[in-house]
Amino acid sequence: MEKNIIKYIKEGLETIYKAEIYDLNISVEKTREGIDGDYTVVVFPLVKYSKKKPEDTARDLGVFIKQRFDDIASYNVIKGFLNFKMTQEYWINRLKKLTLNNDRQKNGGEQKIMIEFSSPNTNKPLHLGHIRNNLLGDSVSRILKAAGNDVIKVNLINDRGIHICKSMLAWTKWGENSTPDSTNQKGDKLVGEYYVLFDKKYKEQIAELVNTGMTEDEAKEKAPLMLETREILQKWEAGDKDIRSTWAMMNSWVYDGFEQTYNKLGISFDKIYYESSTYLLGKELVSTGLEKGIFTKDPDNSVWIDLTEEGLDRKILLRSDGTTVYMTQDLGTAFERFDEFNPDKMIYVVGNEQDYHFNVLKKIVGRFDADYSSKIEHLSYGMVELPEGKMKSREGTVVDADDLIEEMILTATKISEESGKMDDLSESERERIIKMIALGALKYYIIKVDPKKQMTFNPKESIDFTGNTGPFIQYTHARICSILRKAEQMNIKFIGKISTETQLLNCEIKILSALTEFDEIINESANRLDPGIIANYIFSLAKEFNQFYHDHSILKEKNAEILQFRLQLSHQVARTIKNGMELLGIEVPEKM
RNA sequence: GGUCUAGUAGCUCAGCUGGAUAGAGCAACGGCCUUCUAAGCCGUAGGUCUCAGGUUCGAAUCCUGACUAGAUCACCA
């Protein structure tokens, strides 16, 4: 549509004004609310070609286009704005096209994109922050795929490093061989407890040492627990059998726990990487880098890269004791992935606290291979805060993922019981729908916010089921499904022809116009890596439809053609809601 | 202190690649269920788009500076 208008505008400028077009800056927008028209061209930027007043230019172009473009019913000029109204026929054809064309057309620019998200640390059960990460990664993957790309979802599990040794040490010392089975606890929760326990005991030791006159920094290094932890790390890297088997066992507990949470969230991966198996590659790269002179070695044997020329700092890649750091592992993993999959793009979904890290990673990769470096993209998202501020594990304000999901399900159960709408459904059916609603509310609440913005998670609001929420959209879908079911019972088929003479209401055109935008919205959302664009789009579509639903009856419409039109329109709205919500990882029920 | 990100209604957020009168939801107040699902719809009220300059026919949007908040600058990850 817009392309056609732009084409005619260009033609018009050339024909009427004999203008030479050098910079085509035409914006075609949807006409503003309250003004007669469907599409609007802003003519201010065009006066440099016409050398006439904006209003005269708009009028000239209006006449020109109206003569040539059959789909335009009328036009009007207000100040520098040229508004076009499309014909009824045009809109009815749009609906037909939507009905026929069940597969959306692809973007064209198909790429192989690898996207890493979740990236949990085996010491910490998943919490609210991870939920944002997971939902974002999952949703962006779906959107990129819908935009025609080949997407590989990967997870990188941070299963080694000094912090992992801490929980191992604590469990060995005080765990008394407890297991998830013996304590009847999710594996990730059990391990998480020992990590917390380590921290507690470690702090006690520091305090004691400080009392004996040590400085705090010194105490942190000299505390027996820290020394033991470092020893474990070295043994681990040396492949010590006992250490490795404890490590493998505890990790398997954690993976079971994570798997359960991922399942509840409906999230999956195509490939899982473990840092324990990629960090050595990082070490190799460090030696290559040293040979090539990319890195330098300090007298104490630690290895560094100097990025001061690029406005960053010196960054460590290998500790003086030869063990690896975060950056080393990430470097190894990145190269492994490029070598194995050769993606056109590698997206990391990681919180904005790591902006600096990824900046450095990109630069270091660039020293090896400029091409790889240019393909790395950090989808940086803002932190999730609570109304009372940051989540702090020490103060116990961390919102656990499993608890949160549980609570959402309880609330959804309560609300649906109160409404009584699902009383005649079977137990299992009811349970299925309640889960959909609970997760829909949670997911939508988080995903609707622009990823790069820091967001406030208000527990009270998140369980709200009215207004701009997941359940509101799900409800709209369920109502449409109900109508379509009834239509079927009444034996009304909605595949019939609609005469182009059918008179459409403004609100119907508005809905139709929104429906035709869907593909474009997906592409925009994919380009900007922002699922929030889709969330907001579906919300406004649902809102438009609800207004229409309230003001006009569908099934009681006497005119057969209008009835036909409304049924098909509703059907398309339901389809778009379903498809759109799917891109957010949210299911929609047919009854609720 | 350096760097990055953000600041829009009481609260949570859209709008930001410049266009007409800055939009939703929540909360508040007032209406609408013998009528396709009221998890809905309609209305009232609520704004110096942090501030000050600049660019432009036109700025919430772009630029500069200030202020405020967050992140980061580790032999943590």
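User: Which helix does Tyr 356 lie in?
Analyst: This is a predicted model, in which local features need pLDDT of at least 70, side-chain atom pairs count only at pLDDT 80 or more, and totals for chains, interfaces and linings use all residues. Residues are numbered from 1 along each chain as its sequence is written, chains are lettered from A and ligands numbered from 1 in the order in which they are written, and side-chain values use heavy atoms, with hydrogens and water left out. Helices (H or I, at least four residues) and strands (E, at least two) are DSSP runs numbered from the N terminus. On that basis, the run of residues 355–368 that holds Tyr 356 is helix 14.

User: Why does Tyr 356 count as neither buried nor exposed?
Analyst: Buried means under 20% relative accessible area and exposed means over 50%, with partly exposed in between (1.4 Å probe, protein chains only). Because its relative accessibility is 33%, Tyr 356 counts as partly exposed.

User: Which residues is Tyr 356 in contact with, leaving aside its neighbours within four places in sequence?
Analyst: Contact here means heavy atoms within 4.5 Å. With neighbours within four places set aside, the contacts of Tyr 356 are Leu 312, Asp 313 and Lys 315.

User: Is His 163 buried or exposed?
Analyst: His 163 belongs to helix 6, which covers residues 162–174. Beyond its neighbours within four places in sequence, His 163 is in contact with Asn 121, Asn 123, Asn 158 and Tyr 195. Because its relative accessible area is 16%, His 163 is buried.

User: What is the relative accessible area of Glu 418?
Analyst: Glu 418 is found in helix 16, formed by residues 401–419. The residue counts as exposed because its relative accessible area is 62%.

User: How many helices and strands does chain A have?
Analyst: The C-alpha atoms of chain A fill a box of roughly 90 × 65 × 40 Å along the principal axes, and 50% of its 592 residues count as buried. Its secondary structure comes to 23 helices and 14 strands.

User: What share of the contacts in chain A with a separation of 6 or more comes from residues 24 or more positions apart?
Analyst: The contacts considered here are those in chain A with a separation of 6 or more. Of these, residues 24 or more positions apart account for 74%.
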